[in-house]
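Here are my notes on the model, as you asked. Please read them with the viewer open.

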Amino acid sequence: MTTHKSGFVAIVGRPNVGKSTLLNRVVGQKIAIMSDKAQTTRNKIQGVYTTDDAQLIFIDTPGIHKPKHRLGDFMVETAYSALREVDVTLFMISADQKRGKGDDFIIERLRQSQTPVFLVINKIDKVHPDALLAIIEDYSSQMDFAEIVPISATEGNNFETLMKLLIDEMPEGPQYFPEDQITDHPEYFIVSELVREKVLLLTRDEVPHSVAVVVDSMKRDHNDKVHIQATIIVERDSQKGIIIGKGGKMLKQIGTKARLDIEHLLDDKVFLELWVKVQKDWRDKQTFLTDYGYRKDEY
């Protein structure tokens, strides 16, 4: 009889190296939002990877950076707390970025880790294969990694190799989640994240990361259609104007794109209503952070 293995994996790295893309590949659908803006992920998002004889629970952490406000403090503390509760840590870097102060900062923390650290070199499809050797040598001189795995989270290159190495590293353990469950977050959290992703995608640099999304209600009608009401929170009136757009055009576009992703997630028809509300300086006020889902008791 084969033994069942299970354990927890943290994904850490500088902002924007592809942590959420890897997590979405692990679970086979989108649960972490993706944006080419730094610091998109704010909460630890658990993705579950299940095979017949193993189960891995992945924690995507906010990119580790120097915090500028209370929300930033929350994000960095969330990332560090993830390191204390896992069996393996994946330190993800991007092959097309030189090692910088941010990487050195993370390596310093990882050197103190009691658990194995894998160096995952992402975006190998963006560089010439010869460049990989120099990257491996550079990082290996900084610390001793349990494994070094070059991958492309977008294309899937070497993904199976990474999963096999992780399973080999796991202790014997139970199946924590049912085999068809891919995350421990409630649906409304993922719905709010999908709306926030579309705001970041469509407003680009005009609306920075002063956006939160709260799902006010989510219920099915007698035709099994899901009715969702959500509020987009911004810090300034000017941002509200940008998100609504001329004649409500931008808000409609955000709603349409988000609805398609939500329908895919829920596998149901969705009716999505969006509002926009200004809450000045919400990122620096603990009460608002708590109201919008950034709760200290989660780390």
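The points below cover a strand, its aromatic contacts, a cavity and a second sheet.

1. Basis. This is a predicted model, in which local features need pLDDT of at least 70 and side-chain atom pairs count only at pLDDT 80 or more, while totals for chains, interfaces and linings use all residues. Residues are numbered from 1 along each chain as its sequence is written, and side-chain values use heavy atoms, with hydrogens and water left out.

2. Strand S4 and its burial. Start with S4, residues 88-94. Helices (H or I, at least four residues) and strands (E, at least two) are DSSP runs, numbered from the N terminus. Seven of the seven residues in S4 are buried. Buried means under 20% relative accessible area, exposed over 50%, and partly exposed in between, with a 1.4 Å probe and protein chains only. In a regular strand the side chains alternate between the two faces of the sheet. Here Val88, Leu90, Met92 and Ser94 point one way, and Thr89, Phe91 and Ile93 point the other way.

3. Neighbours of S4. Two strands pair if DSSP finds at least two bridges between them. Strand S1 (residues 5-13) pairs with S4 in the parallel sense over five bridges. Strand S5 (residues 117-122) pairs with S4 in the parallel sense too, over six bridges. Leu90 has a bridge partner in each: Ile11 and, in S5, Phe118.

4. Aromatic pairs. Rings of Phe, Tyr and Trp (its six-membered ring) pair if their centres lie within 6.5 Å; planes under 30 degrees apart count as stacked, over 60 as edge-to-face and the rest as tilted. The count comes to two aromatic pairs. Phe91 and Tyr139 are edge-to-face, at 6.2 Å centre to centre and 65 degrees between the planes. Phe91 lies in S4 and Tyr139 in helix H4 (residues 129-140), so this pair ties together parts 48 residues apart in sequence. Phe91 is buried at 0% relative accessibility. Tyr139 is buried as well, at 2%.

5. The stacked pair. Phe91 and Phe145 stack at 6.4 Å centre to centre, with 25 degrees between the planes. Phe145 sits in the loop between H4 and strand S6 (147-150), so the pair with Phe91 in S4 ties together parts 54 residues apart in sequence. Phe145 is buried, at 10% relative accessibility. Phe91, Tyr139 and Phe145 form one aromatic cluster.

6. Cavity. How many cavities of 30 Å³ or more does a search of the whole structure find? It finds one. On a 1 Å grid over the protein atoms alone, a cavity is a set of points where a 1.4 Å probe fits but cannot get out; lining residues have an atom within 4 Å of a point. Points are joined across faces, edges and corners, and a volume is the space filled by probe spheres set on them. The largest cavity holds about 40 Å³. Its lining includes Ile93, Ser94 and Tyr139. Arg14, Lys98 and Asp103 are also among the lining residues.

7. Strands S7, S8 and S9 make an open sheet in the order S7-S8-S9, with mixed pairing. S7 (212-220) and S9 (270-278) are the edge strands with a single partner each, so one side of each has no neighbour in the sheet. S7 and S8 (residues 226-234) run antiparallel and are joined by eight bridges. Arg220 stands opposite Val226 in S8.

Terms used. 1 Å grid on protein atoms, 1.4 Å probe; cavity = no way out; pocket = protein on both sides within 12 Å on 5 of 7 lines; lining within 4 Å.
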